[in-house]
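Hi everyone, thanks for coming. I'd like to walk you through a few side-chain contacts today, so please have a look at this one with me.

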Amino acid sequence: MSLKGRVTVVTGGARGIGLALARGAAELGSDIAVIDVLEKPSEAFGDFEKELGVRARYYRFVPLSGTSVTDPTGLTGSFETIVKDFGQIDNCVTAAGIVHDKPFLDTTWEEGAHILEVNVMGTMMSAQLAAKQMRAQKTGGSIVMIASVSAGTALQTQRLNIYAASKGAVKSLCVQLAVELAPLGIRVNTVSPGFIATEMTKGLAVTRPELLAVFKSPPLGRIGDRADLKGVVGYLLSDAAAYTTGTDVLVTGGVHAGLL
Ligand SMILES: NC(=O)c1ccc[n+]([C@@H]2O[C@H](COP(=O)([O-])OP(=O)(O)OC[C@H]3O[C@@H](n4cnc5c(N)ncnc54)[C@H](O)[C@@H]3O)[C@@H](O)[C@H]2O)c1
């Protein structure tokens with residue numbers, strides 16, 4: 001499971017799950033390029049170079065619209081700069097995403113379109129830019145897209161409607177890309193987390209504190225830690241998963257296996 005000599009791009013890696021996955025790839029020896037909209041990454045990003053001895057750069061992506069990874073020109077520019085800085089792209093993890101927990105009947109067109117734009121179009125565009133570079137290199141590569149347990153399971157306690165649909169789209173995109181990109185030696189898989197303690201889940205619980213109890217109630221008896229996702233994503237990025245593509249891996253503490 002080594003990623004030595006590889007370059008991994010992580011979207012949404014300034015904090016949360018993306019940051020943990022970037023760290024996981026760095027622990028396996030990969031150089032790291034993080035793309036995010038936040039002004040700067042969490043302090044822990046600095047540890048990658050200091051502690052782990054890999055190269056790590058942060059690319060702040062400021063979309064024209066002010067809100068979305070879906071400014072294709074800007075995102076293309078970020079990937080071009082990464083190739084200039086690192087010389088190659090071997091892996092891509094798409095963790096940039098936003099959530100929506102609001103009754104379906106109150107959800108507006110604009111809110112729905114914004115969720116789809118970031119979670120689906122942003123994922124599509126990032127995967128495409130990474131795959132184009134992998135094709136140019138003729139090296140193949142691995143793409144892991146972060147979906148969600150909500151793509152296949154509805155919880156009575158949440159109103160995830162269009163968010164869940166966006167993650168369903170990410171899973172569908174994965175199986176299509178797995179087949180379309182296989183001749184180029186590019187593997188594509190999704191990881192579907194359950195409840196993971198991040199700013200996203202914290203934000204949801206601010207307006208609905210009753211969710212805190214739900215988040216702690218998976219069969220394994222606790223909310224997930226971001227580090228719970230590192231192993232499976234590292235595996236999917238590495239040659240240990242050379243024969244694995246078009247797969248979704250659920251990491252939920254058992255949420256998807258039982259009823260909440
Ligand atoms: N936390 C959970 O319980 C959970 C569960 C299932 C799936 N997920 C998914 O995991 C991914 C990461 O979520 P998280 O919990 O770490 O959330 P988070 O809010 O802590 O982190 C998301 C990161 O994505 C970045 N981002 C948002 N919009 C962006 C854009 N337009 N362009 C570039 N970067 C952007 C944010 O700035 C942030 O750094 C998301 O796709 C989310 O849907 C999270």
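Before we start, a word on terms: when I say buried, I mean a relative accessible area under 20%, and exposed means over 50%. Also keep in mind that this is a predicted model.

With that cut-off, F45 and Y58 are both buried, and F48 is buried as well. Let's look at how their rings sit.

A pair of aromatic rings is described by the distance of the centres and the angle of the planes. Rings count as paired here if their centres lie within 6.5 Å, and planes over 60 degrees apart make a pair edge-to-face. That gives 3 aromatic pairs. One of them is F45 with F48: the centres are 5.2 Å apart and the planes make 55 degrees, so we call this pair tilted. Another is F45 with Y58, where the centres are 6.1 Å apart and the planes are at 70 degrees, so this pair is edge-to-face.

What does the pair of F45 and Y58 tie together? F45 lies in the loop between β2 (31-36) and α2 (47-52), while Y58 is in strand β3 (residues 56-60), so the pair links parts that are 13 residues apart in sequence. Taken together, F45, F48 and Y58 make up one aromatic cluster.

Next, a charge and a ring. The charged end of R55 sits over the ring of F86, at 4.6 Å from its centre.

Last stop, the backbone. K138 is not a glycine, yet its phi is positive, about 60 degrees. You'll find K138 in the loop between α4 (109-137) and β5 (141-146). Is K138 buried or exposed? K138 is exposed, with a relative accessible area of 74%.

Notes
Residues numbered from 1 in each chain as written. Predicted model: local features only at pLDDT ≥ 70, side-chain atom pairs only at ≥ 80, totals over all residues. Heavy atoms only, no water. Phe/Tyr/Trp six-rings, centres within 6.5 Å; stacked < 30°, edge-to-face > 60°. Buried < 20%, exposed > 50% of the residue type's maximum accessible area, 1.4 Å probe, protein only. Helix = DSSP H or I, 4+ residues; strand = E, 2+ residues; numbered from the N terminus. Lys NZ or Arg CZ within 6 Å of the ring centre and 35° of its normal.
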